[in-house]
Amino acid sequence: MPGITPSSTAAASPTVVRAEIELEILRGVYGLAMHLGHEMAKIVGHRRDQFEIYALTALARTGSLKQARLAEIIGRSSVFTSRLVDQLERDGLVERSEHPFDRRVNRVRLTPAGVEAYERMKLRASELSDTLFHDVPDDRLVQLAQAMRGLSVNIGFRVDLDFPG
(Lines give C-alpha, C1' and ligand atoms only; values in the text may rest on other atoms or scores of the structure.)
Protein backbone atom coordinates (compact mmCIF):
# COMPACT_ATOMS: atom_id res chain seq x y z
CA MET A 1 0.00 0.00 0.00
CA PRO A 2 1.50 3.37 -0.96
CA GLY A 3 2.20 5.70 1.89
CA ILE A 4 4.63 8.01 3.51
CA THR A 5 7.86 6.35 4.50
CA PRO A 6 11.01 7.80 6.03
CA SER A 7 12.87 7.33 2.72
CA SER A 8 10.13 9.13 0.72
CA THR A 9 10.39 12.19 2.97
CA ALA A 10 14.10 12.25 3.84
CA ALA A 11 14.88 15.39 1.82
CA ALA A 12 11.67 17.21 2.66
CA SER A 13 11.32 19.86 5.34
CA PRO A 14 9.39 18.99 8.53
CA THR A 15 6.55 21.25 7.37
CA VAL A 16 6.27 19.41 4.04
CA VAL A 17 6.42 16.03 5.78
CA ARG A 18 3.67 17.03 8.20
CA ALA A 19 1.50 18.34 5.34
CA GLU A 20 1.93 15.05 3.45
CA ILE A 21 1.07 13.01 6.54
CA GLU A 22 -2.01 15.15 7.21
CA LEU A 23 -3.12 14.75 3.59
CA GLU A 24 -2.69 10.98 3.79
CA ILE A 25 -4.79 10.91 6.98
CA LEU A 26 -7.53 12.98 5.34
CA ARG A 27 -7.58 10.66 2.32
CA GLY A 28 -7.85 7.68 4.64
CA VAL A 29 -10.66 9.20 6.71
CA TYR A 30 -12.53 10.16 3.55
CA GLY A 31 -12.11 6.69 2.09
CA LEU A 32 -13.35 5.06 5.30
CA ALA A 33 -16.31 7.43 5.48
CA MET A 34 -17.28 6.67 1.89
CA HIS A 35 -16.96 2.92 2.51
CA LEU A 36 -19.02 3.07 5.70
CA GLY A 37 -21.68 5.18 3.98
CA HIS A 38 -21.86 2.65 1.16
CA GLU A 39 -22.17 -0.25 3.62
CA MET A 40 -24.96 1.46 5.58
CA ALA A 41 -26.76 2.29 2.31
CA LYS A 42 -26.77 -1.41 1.39
CA ILE A 43 -28.50 -2.16 4.70
CA VAL A 44 -31.20 0.54 4.68
CA GLY A 45 -31.79 0.77 0.95
CA HIS A 46 -30.20 4.16 0.32
CA ARG A 47 -27.46 6.38 1.64
CA ARG A 48 -27.98 7.84 5.09
CA ASP A 49 -25.97 10.75 6.37
CA GLN A 50 -24.19 10.57 9.70
CA PHE A 51 -26.86 12.61 11.49
CA GLU A 52 -29.59 10.17 10.50
CA ILE A 53 -27.43 7.35 11.84
CA TYR A 54 -26.77 9.30 15.06
CA ALA A 55 -30.49 9.96 15.44
CA LEU A 56 -31.39 6.30 14.93
CA THR A 57 -28.71 5.32 17.45
CA ALA A 58 -29.91 7.82 20.06
CA LEU A 59 -33.50 6.68 19.67
CA ALA A 60 -32.54 3.01 19.82
CA ARG A 61 -30.61 3.61 23.04
CA THR A 62 -33.28 5.71 24.76
CA GLY A 63 -36.60 4.42 23.44
CA SER A 64 -37.94 7.89 22.71
CA LEU A 65 -36.78 11.47 23.01
CA LYS A 66 -38.17 14.96 22.83
CA GLN A 67 -37.27 16.27 19.41
CA ALA A 68 -35.40 19.18 21.04
CA ARG A 69 -33.27 16.75 23.06
CA LEU A 70 -32.54 14.76 19.91
CA ALA A 71 -31.25 17.99 18.32
CA GLU A 72 -28.93 18.50 21.31
CA ILE A 73 -27.65 14.94 21.14
CA ILE A 74 -26.79 15.06 17.44
CA GLY A 75 -25.41 18.59 17.73
CA ARG A 76 -27.69 20.22 15.16
CA SER A 77 -30.30 22.97 15.18
CA SER A 78 -33.97 22.36 15.86
CA VAL A 79 -34.79 23.27 12.24
CA PHE A 80 -32.21 20.79 10.89
CA THR A 81 -33.46 18.10 13.27
CA SER A 82 -37.09 18.73 12.34
CA ARG A 83 -36.24 18.18 8.67
CA LEU A 84 -34.19 15.11 9.52
CA VAL A 85 -37.08 13.63 11.53
CA ASP A 86 -39.44 14.50 8.64
CA GLN A 87 -37.27 12.41 6.31
CA LEU A 88 -36.93 9.51 8.73
CA GLU A 89 -40.70 9.61 9.28
CA ARG A 90 -41.37 9.55 5.51
CA ASP A 91 -39.05 6.54 5.31
CA GLY A 92 -41.08 4.79 8.00
CA LEU A 93 -38.17 4.60 10.47
CA VAL A 94 -39.50 6.95 13.17
CA GLU A 95 -42.79 8.32 14.36
CA ARG A 96 -43.64 11.50 16.20
CA SER A 97 -46.20 11.94 18.92
CA GLU A 98 -47.38 15.07 20.64
CA HIS A 99 -46.72 15.55 24.32
CA PRO A 100 -50.00 14.91 26.19
CA PHE A 101 -49.89 18.29 27.98
CA ASP A 102 -47.82 20.53 25.68
CA ARG A 103 -48.63 20.43 21.97
CA ARG A 104 -45.42 22.36 21.19
CA VAL A 105 -43.36 19.34 22.26
CA ASN A 106 -42.90 16.32 20.00
CA ARG A 107 -41.53 12.99 21.09
CA VAL A 108 -39.78 10.83 18.53
CA ARG A 109 -39.34 7.07 18.63
CA LEU A 110 -38.29 4.31 16.29
CA THR A 111 -40.93 2.32 14.46
CA PRO A 112 -40.50 -1.45 14.21
CA ALA A 113 -38.88 -0.85 10.79
CA GLY A 114 -36.55 1.69 12.43
CA VAL A 115 -35.55 -0.79 15.13
CA GLU A 116 -34.87 -3.42 12.47
CA ALA A 117 -32.79 -0.98 10.38
CA TYR A 118 -30.80 0.07 13.45
CA GLU A 119 -30.10 -3.56 14.43
CA ARG A 120 -28.89 -4.35 10.89
CA MET A 121 -26.65 -1.25 10.89
CA LYS A 122 -25.26 -2.14 14.31
CA LEU A 123 -24.47 -5.69 13.20
CA ARG A 124 -22.75 -4.50 10.02
CA ALA A 125 -20.82 -1.82 11.94
CA SER A 126 -19.61 -4.52 14.32
CA GLU A 127 -18.45 -6.68 11.40
CA LEU A 128 -16.66 -3.71 9.84
CA SER A 129 -15.02 -2.85 13.17
CA ASP A 130 -13.75 -6.39 13.49
CA THR A 131 -12.19 -6.11 10.04
CA LEU A 132 -10.74 -2.64 10.55
CA PHE A 133 -9.43 -2.93 14.09
CA HIS A 134 -8.65 -6.62 14.62
CA ASP A 135 -4.90 -6.07 14.78
CA VAL A 136 -4.90 -2.68 16.53
CA PRO A 137 -3.82 -2.92 20.18
CA ASP A 138 -6.28 -1.54 22.73
CA ASP A 139 -4.02 1.34 23.78
CA ARG A 140 -3.64 2.47 20.14
CA LEU A 141 -7.38 2.20 19.62
CA VAL A 142 -7.96 4.48 22.62
CA GLN A 143 -5.42 6.96 21.20
CA LEU A 144 -7.15 6.87 17.82
CA ALA A 145 -10.56 7.48 19.39
CA GLN A 146 -9.18 10.42 21.38
CA ALA A 147 -7.51 11.87 18.29
CA MET A 148 -10.68 11.53 16.21
CA ARG A 149 -12.75 13.17 18.95
CA GLY A 150 -10.24 16.04 19.08
CA LEU A 151 -10.29 16.46 15.30
CA SER A 152 -14.08 16.53 15.35
CA VAL A 153 -14.10 19.23 18.01
CA ASN A 154 -11.59 21.26 15.96
CA ILE A 155 -14.10 21.52 13.12
CA GLY A 156 -17.04 22.27 15.39
CA PHE A 157 -18.55 18.83 15.17
CA ARG A 158 -19.59 17.28 18.44
CA VAL A 159 -22.08 14.54 19.03
CA ASP A 160 -23.32 14.27 22.60
CA LEU A 161 -21.81 10.94 23.59
CA ASP A 162 -23.13 11.15 27.14
CA PHE A 163 -26.84 10.76 26.47
CA PRO A 164 -28.63 8.18 28.61
CA GLY A 165 -29.05 4.63 27.40
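**View 1. The second largest pocket, lined by Val136, Arg140, Gln143 and Leu144.** Start with an opening in this predicted model: the second largest pocket has a volume of about 160 Å³. A pocket here is an open set of points on a 1 Å grid over the protein atoms alone, where a 1.4 Å probe fits, with protein on both sides within 12 Å along at least five of seven lines; lining residues have an atom within 4 Å of a point. Grid points are joined across faces, edges and corners, and the volume is the space filled by probe spheres set on the points.

**View 2. The largest nonpolar core, with 22 residues.** Such a core is a set of buried Ala, Val, Leu, Ile, Met, Phe, Trp, Tyr and Cys residues joined through side-chain atoms within 4.5 Å; buried means under 20% relative accessible area, exposed over 50%, and partly exposed in between, using a 1.4 Å probe and protein chains only. Leu56, Leu59, Leu70, Ile74, Leu84, Leu88 and Val94 have the most contacts inside the core. Two or more residues come from each of helices H1 (14–44), H2 (50–62), H3 (67–74), H4 (78–90) and H5 (112–133), and from strand E3 (106–110). H2 gives the most, with five residues. Helices (H or I, at least four residues) and strands (E, at least two) are DSSP runs, numbered from the N terminus.

**View 3. Leu88 and what it touches.** Setting aside residues up to four places away in sequence, Leu88 touches Arg48, Glu52, Ala55, Leu56, Leu93 and Val94. Contact means heavy atoms within 4.5 Å.

**View 4. Thr81, a residue of helix H4.** Is Thr81 buried or exposed? Thr81 counts as buried because its relative accessibility is 0%. Beyond its neighbours within four places in sequence, Thr81 is in contact with Gln67, Leu70, Ala71, Ile74 and Arg76.

**View 5. Ala41, in helix H1, and Met121.** Ala41 has 16% relative accessibility, so this residue counts as buried. The C-alpha atoms of Ala41 and Met121 are separated by 9.3 Å, while the two residues sit 80 residues apart along the chain.

**Notes for every view.** Residues are numbered from 1 along each chain as its sequence is written. In this predicted model, local features need pLDDT of at least 70, side-chain atom pairs count only at pLDDT 80 or more, and totals for chains, interfaces and linings use all residues, while side-chain values use heavy atoms, with hydrogens and water left out.
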